[in-house]
Amino acid sequence: MNITQQVPNFLGGISTKPDDQKELGEVREIINGYPDPTYGLVKRPGFNYVTELGTDTDYSGAHWFYYRYSASETYIGAIKNGTITVWRTSTGNQVFQATNQPYLNSSGYNDFYVLPRQSQLVIVNKTTTVSTSGTTSGTFDAAHVADSVASLPAANTVPGEYWKVANTSALEDDYWVVSNTTSGVSTWVEAAKPNITAGLDAASMPHVLTRTSENNFTFTQAVYSTRAVGDLATNPDPSFVGKKINFAFYHNNRLGFLSEDNVILSQPNQFFNFYVNSAVVQSDADPVDLNCSSLKPVNLTAAKPVTQGVVLFSQQSQFILFSDTGVLTPAAATINLISDFEMDDVIPPVEMGTSFVFVNKTSAYVRVLTMETQGLGNNPLFIDIGKNVTQYIPNTVSKMFSDPQNSYIGMYDQASNKAYFYRTYVENQQILMRSWYSWELPGHIQFMMSDSDTVYAVTKQTNKVVLLKTQLNSIPTGAAVTAGVQVPSFDFRAFVNNSGITHDTTSDTTRIPIPFPKNTALTPVAVRQESAGTTFFQTPTQTTISGNDFFVIPGDVADQDWYVGYKFDFKVDLPIFYYRQQGLVDYSASLVLSRIKIAVGLSGLCEFKITPRNQNTMVIEGNPILLDRYTYDSVPIDDRNVYEIPIHQRNTNFDIQVFSDTPYIVSLNSVMWEGNYSPKYYRRT
């Protein structure tokens with residue numbers, strides 16, 4: 001019987017399940033797409049070229065970080081081999097660099113962690129062992145021991161002497177005092193035991209990068225408080241001494257460090273003070289230093305503050321640091337084990353709305369899980385969101401970032417040009433979209449970050465490292481098309497004014513200077529810029545003349561302004577179409593497809609590649625330009641079109657791909673197929 005069915009959208013994203021197990025809207029592959037609940041599955045916006053940051057030798061393998069001081073003032077930074085460099089993202093200008101910094105002497109891109117807060121960034125070198133420095137002042141006479149404070153001599157008779165108040169035989173209640181004279185009055189003042197370690201070696205502790213004013217920074221050692229009272233028993237060194245610090249965070253106005261199986265919090269509002277104020281009386285303002293007790297080996301690698309406390313992550317277990325009162329104090333703080341999930345110890349978890357996302361690496365691929373806390377006394381909820389793309393994400397990914405504003409996460413590897421994304425859309429507490437997709441960038445991704453609607457990327461190609469950025473909200477609307485405006489969708493997009501463009505009369509060609517590092521591995525594109533909007537594009541050749549790089553276009557168009565860059569491919573591999581009824585998929589029946597009708601929204605030129613089994617690929621062009629509707633010198637895109645693709649094949653005998661490499665947007669909305677369906681088959685008696 002003749003039958004028609006529809007795939008209403010393609011917002012289900014990539015699925016590695018067999019085609020007959022896929023849900024409606026899931027596909028085999030999405031490259032350079034972006035699922036949007038309003039526009040459908042669209043071609044991603046192109047990246048604009050900002051600036052060349054340096055050479056491969058300078059920054060390949062560096063640790064990159066992003067710093068937002070305000071919505072209009074953001075920076076990107078790199079740390080490598082004792083040097084820290086900062087650029088302004090809006091201009092690409094280098095605004096700060098500090099060289100020969102011993103604390104930054106490491107070349108691993110995951111050797112550092114950068115924690116921003118207001119105008120200060122705490123920088124942790126995870127490879128540096130913390131040490132102590134200096135000794136406390138004064139000398140101690142073994143005879144200067146008093147049983148109690150009442151047994152001390154008059155302070156004015158022993159100026160500057162140190163005495164020990166022993167109290168009982170227990171060391172925990174001993175303390176030291178020194179006679180002090182102020183304004184002619186002598187008193188006993190609590191002091192530190194003479195000739196013991198004075199405090200932390202600031203050279204081995206996390207340093208600070210401080211924004212002093214717009215485009216101005218300083219990089220210095222932090223000023224850590226020394227031991228002012230007590231001894232090594234009553235006021236011990238923080239537990240990170242002699243160990244490495246793995247992570248830093250802020251919570252309850254305290255600065256926290258993670259070191260092996262310990263979490264250490266500073267005094268409130270004294271972020272660099274990890275010693276107590278008194279060896280006699282415990283204060284709620286004293287530092288917190290707790291150990292995670294577990295039957296498994298624990299090495300804490302990340303922490304995420306939540307309403308209930310602080311979630312602590314290790315490779316094999318997760319804990320929560322909390323207080324029943326809601327305020328962390330030395331007396332009330334507690335650490336409880338909340339789960340035993342395996343987690344990668346290199347990639348810290350990221351926030352996505354009300355949940356955290358972390359990864360677990362197997363020998364061949366990556367699992368991706370979400371964790372949502374449920375309040376004190378309740379175990380968190382975990383969902384394996386990567387189950388739908390099992391074995392799709394390679395275990396080489398080494399970085400992850402998130403954009404809570406647009407509800408997506410991204411993962412990438414510095415040795416690859418491919419990034420993997422997962423995006424959701426929630427309405428009235430109901431998840432309406434879960435979509436995996438991937439982007440291929442024009443070089444190896446050294447760094448990637450999203451801030452609201454702006455995506456920044458640092459890529460490496462042809463031994464150069466460059467800064468790129470794009471706007472997710474640059475997808476045009478129907479009104480924008482009517483006005484003749486459309487943002488070209490290609491990478492390295494840069495504007496070249498006609499004042500620098502020349503015409504070569506001998507070859508009758510136009511030479512456009514390339515404003516970025518030339519890359520012969522990519523396909524160049526040049527889009528003419530008119531006052532009414534972008535109209536047409538050329539595919540130029542690349543050449544070098546007298547040491548200068550040019551895009552070359554036939555003819556004389558030197559009087560025009562141009563956008564230039566490199567093309568990228570938008571690909572969507574559609575699955576096999578099966579007859580579906582009430583959630584059931586009939587994969588055993590005979591289904592011969594006559595035609596497929598593909599509905600696109602706001603789109604320019606695209607192609608549909610049909611590959612029958614054991615035959616050559618047939619390409620059908622989807623051209624939105626109609627002679628009776630197209631206005632000359634206007635943007636060649638339309639806000640809606642339906643393309644009819646002839647098939648005449650069994651549903652399992654061909655593959656179909658939606659493809660575009662033009663500078664124009666493509667919005668894939670839905671598909672309808674028509675064919676002959678027969679559930680009849682022979683049976684043996």
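A residue counts as buried under 20% relative accessible area, as exposed over 50%, and as partly exposed in between. Ser452 has a relative accessible area of 33%, so it is partly exposed. Please keep in mind that this is a predicted model.

Let me stay with Ser452 for a moment. It sits in the loop between β38 and β39, the latter being residues 454–461. Its phi is positive, about 55°, although Ser452 is not a glycine.

Ser407 is the next one to look at. Here too phi is positive in a residue other than glycine, near 55°. Ser407 belongs to the loop between β34 and β35, with β35 covering 408–412. Is Ser407 buried or partly exposed? Its relative accessibility is 24%, so Ser407 counts as partly exposed.

Now a residue in a strand. Thr470 is part of β40, residues 464–471. Its relative accessibility is 3%, and therefore Thr470 counts as buried. What does the side chain of Thr470 have beside it? A polar atom of that side chain lies 2.7 Å from the backbone oxygen of Gly46. If we leave aside neighbours within four places in sequence, Thr470 is in contact with Pro45, Gly46 and Phe47, and also with Asp453, Thr454 and Val455.

On to the cores. In soluble globular proteins, nonpolar side chains tend to be buried together. In this model the largest nonpolar core has 99 residues. Which of them touch the most other members? They are Trp64, Val368, Ile393, Met448 and Ile596. Strand β52, residues 590–600, supplies the largest share of this core, with five residues.

Outside the four places on either side in sequence, its contacts include Val357, Phe358 and Val359. They also include Ile383, Asp384, Ile385 and Gly386. Ile393, Ile409, Met411 and Trp436 are in contact with Val368 as well.

Next, the spaces, beginning with the largest pocket. It holds about 1200 Å³ of space. There are 41 residues in its lining, and those nearest the centre are Tyr113, Val114, Pro116, Lys304 and Met449. Which element gives the most to that lining? That is β8, with six residues. Among the other elements that give two or more are β12 (112–117), β26 (300–306) and β38 (444–451). By class, the pocket lining divides into 27 nonpolar, seven polar and seven charged residues.

What about enclosed space? Searching the whole structure gives one cavity of 30 Å³ or more. The volume of the largest cavity is about 40 Å³. Its lining consists of Arg28, the run Leu574, Pro575, Ile576 and Phe577, and then Asn651, Phe654, Asp655 and Ile656. Strand β56, residues 654–660, gives the largest share of that lining, three residues. The lining of this cavity has six nonpolar residues, one polar and two charged.

Terms used
Residues numbered from 1 in each chain as written. Predicted model: local features only at pLDDT ≥ 70, side-chain atom pairs only at ≥ 80, totals over all residues. Heavy atoms only, no water. Helix = DSSP H or I, 4+ residues; strand = E, 2+ residues; numbered from the N terminus. Buried < 20%, exposed > 50% of the residue type's maximum accessible area, 1.4 Å probe, protein only. Polar contact = N/O pair within 3.5 Å; in protein donor to acceptor, adjacent residues only side chain to side chain. Contact = heavy atoms within 4.5 Å. Core = buried A, V, L, I, M, F, W, Y, C linked by side-chain atoms within 4.5 Å. 1 Å grid on protein atoms, 1.4 Å probe; cavity = no way out; pocket = protein on both sides within 12 Å on 5 of 7 lines; lining within 4 Å. Points joined across faces, edges and corners; volume = space filled by probe spheres on them. Nonpolar A, V, L, I, M, F, W, Y, C, P; charged D, E, K, R; others polar.
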